[in-house]
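Okay, thanks for coming, everyone.

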Amino acid sequence: MTQARGQVDRSPVVPSPSDDSAALETLRDRLQEFKNEPGSLLEALYVAQDMFGYVTPASIDMVSEELGYPEAHVFGVVTFYTLFYTEPQPKHIVRICRDLSCHIAGAEKIIERARKEIGAHPGEASADGVLKLELVSCIGQCEKQPALMVNLDVHGPVSEQGVSDLIRRLREEDQ
Amino acid sequence: MPEVLAVNKNISIENSWQLPIFERGGGYSRAKRALGTMQPEELIALMETSGLKGRGGAFFPTGMKWKFVRADPNTPRYVIANGDESEPGTFCNRINMEMDPHLFIEGMIIAAYAVDSNFAYIYIRGEYGRAIERVGEALADCYANGILGDDVLGTGYKLDMRLRRGAGAYICGEETALFNSLEGKRGNPRFKPPFPTNSGVWKKPTVINNIETYACVPLIVENGAEWFQNLGEGDDNAGTKIYCLSGSINNPGVYELPMGVTAREVIFGYGGGLPEGRTLKGFKPGGASASVLTPDQLDVRLDPSIAKYDTIMGTGGIIVIDDTVCMVDAAYRDALFFEEESCGFCIPCREGTPNLVQILERLMHGQGVIDDLRLMGEIGDSMASSFCGLGQFAYRPVVGAAKKYHDEFVAHVEGSCPAGTCPIARN
Ligand SMILES: Cc1cc2nc3c(=O)[nH]c(=O)nc-3n(C[C@H](O)[C@H](O)[C@H](O)COP(=O)(O)O)c2cc1C
Ligand code: SF4
Ligand code: FES
């Protein structure tokens, strides 16, 4: 799947969360339930991503080993789905919908404001490393147009002031 | 005319998603009756006479689909609920999953019994956090209360049901891509035929229906086929449709209405019309995939027959466009969506979607030439041969807008935006 226009993945700003051997053993334990559940690769990858913040190279190895997929298969699946990441991610991903209903309801201004507040272009982490803006396809919250999600938390309709306040709150929360 | 409340009857009750509340309203009594007192063939016939057609956009007769699956001797058979809902402008499945998850689960139980299946999946797009939570809770409650498992509702029927999450891919709403995703693969579509009824998930006979389709099923068992038929507008339409309204509209939201009401009724009757000072420029009747219709087409019926106006009913996501919206920009939004969501498997779609985006970007930045309009049509012609429905539909809203709003597109070639709102106007 192509990256949205203007989105460039930059090298990680946030230090990678540890996937030391103890954490990997926990992952191994948690993967056991998927062995009896044919096809549950996406669920297994969610577990890895929830533990480490992204699907780390070591967890790709572990998932392929435990569930019996070739590594290339697991990597191919991870990179197919936009909710999976192969790089460390900022704590808050601000996903603003850029599709038609939200566009009509003023998404462009919200995106502009968020870009300024975050201080980075879509797809890039903020200088302090806690925030990232993503321009995403319809999130199915169109009655809340213009709508956005912080990770999976839905907000809308959002105003320009609202998006400024929201980003400030997220930054404060992190201190 | 008030809204018709059938599928959405419970959604505004307090704690509507909880099992005791659902049961108080008759919940699971229909499945109990179906499994305990009716023959599978009888249920399939009931669905056939009710006129229920799939709400996922293709409107395939549900009873016939079930019949095909049951007729295939290959086992095991599977039942799947498609909750991937990712068409821009569409959010009705989300509301049903969040507010009344047991209703469609009850429909799935009845479907499973009708086709003799003991295993079902619910596939929900990964972005739908609350729906995932509520459906997960609902399934746990079902297992804890003998509604799922080895003895469904005390009838001795065995049915297991699993919730699976998508992870951000519109294409996984396409049934064969969804099967691949469920099998732990990339969500690329498969060649059809064979059709899912004979070769679905794990290459086994599979019933796959939309969330809203399943939600209709218990109501048909409860109230009868005739009741359901009569809910629709005109002879060809059965049941209600949950229309989603968004864009330039006073009251965005979901409206459950007779299948086949007119766009005028939905937009101006239920939706309260456009915000003050805005006038209608066009509307898309079925999300991004649907070509725009013009204000003189407000009296068309919102049902599958809308195809005769070169658009589609899709999932009933109506997007209202006002005079301040630049139609080149609107077409660009659709093109961007399809470019982003193209799975990259076949060339016409993988190459065609970014080409359309580039042309529309040129037009919006004053760099377009008149030949671009012809070129868009040519790209569209090549995309018609795409592997799956995504590519086969993706170009139509773009080419359709360029045809219907030809003068506006030409104005962009000449360096101006009549609506005054796209980048060309800001330079
Ligand atoms: C690109 C594409 C996306 C689709 N997305 C969905 C979807 O999100 N939900 C859905 O129910 N059907 C979707 N469909 C239609 C399904 O392939 C399938 O026809 C439908 O789930 C069958 O259920 P129904 O008969 O109840 O409508 C999509 C089709 C295509 C071509
Ligand atoms: S038409 Fe598009 S989405 Fe469908 S298979 Fe081809 S590239 Fe994938
Ligand atoms: S178009 Fe923005 S949430 Fe649907």
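Predicted model: local features only at pLDDT ≥ 70, side-chain atom pairs only at ≥ 80, totals over all residues.

Residues are numbered from 1 along each chain as its sequence is written, chains are lettered from A and ligands numbered from 1 in the order in which they are written, and side-chain values use heavy atoms, with hydrogens and water left out.

Back to ligand 2. For the classes, Ala, Val, Leu, Ile, Met, Phe, Trp, Tyr, Cys and Pro count as nonpolar, Asp, Glu, Lys and Arg as charged, and the others, Gly among them, as polar.

Which space does ligand 2 take? The second largest cavity, with a volume of about 70 Å³. On a 1 Å grid over the protein atoms alone, a cavity is a set of points where a 1.4 Å probe fits but cannot get out; a pocket is an open set with protein on both sides within 12 Å along at least five of seven lines; and lining residues have an atom within 4 Å of a point. Points are joined across faces, edges and corners, and a volume is the space filled by probe spheres set on them. A molecule sits in such a space if more than half of its atoms lie within 2 Å of the grid points. The lining of this cavity includes Cys343(B), Cys346(B), Cys349(B) and Cys388(B), along with Phe345(B) and Phe387(B). It divides into 9 nonpolar, 3 polar and no charged residues.

Next, ligand 1, which sits in the largest pocket. That pocket has a volume of about 1300 Å³. Of its 46 lining residues, Gly56(B), Gly57(B), Ala58(B), Gly173(B) and Glu174(B) are closest to the centre. The lining splits into 18 nonpolar, 19 polar and 9 charged.

What comes nearest to ligand 1 itself? Out of 18 residues, it's Gly56(B), Lys65(B), Asn209(B), Asn210(B) and Thr213(B). S5(B) gives the most to that shell, with 3 residues; strands are DSSP runs of E, at least two residues, helices are runs of H or I, at least four, and both are numbered from the N terminus. By class, the shell has 3 nonpolar, 9 polar and 6 charged residues.

On to polar contacts, meaning pairs of N or O atoms within 3.5 Å. A polar side-chain atom of Thr213(B) lies 2.7 Å from an oxygen of ligand 1, and the side chain of Asn209(B) puts an N or O atom 2.9 Å from a ligand oxygen. For Ile208(B), a backbone N or O atom is 3.5 Å from one.

Last, the backbone. Most residues other than glycine have a negative phi, and most peptide bonds are trans. Lys192(B) to Pro193(B) is cis, with omega near -5°, and Pro193(B) lies in the loop between helix H8 (175-182) and S5 of chain B. Over in chain A, Gly156(A) and Pro157(A) are joined by a cis bond, omega about -5°. And Asn15(B) has a positive phi, near 50°, in the segment before helix H1 (19-24) of chain B.

Technical notes
Near = heavy atom within 4 Å. Polar contact = N/O pair within 3.5 Å; in protein donor to acceptor, adjacent residues only side chain to side chain.
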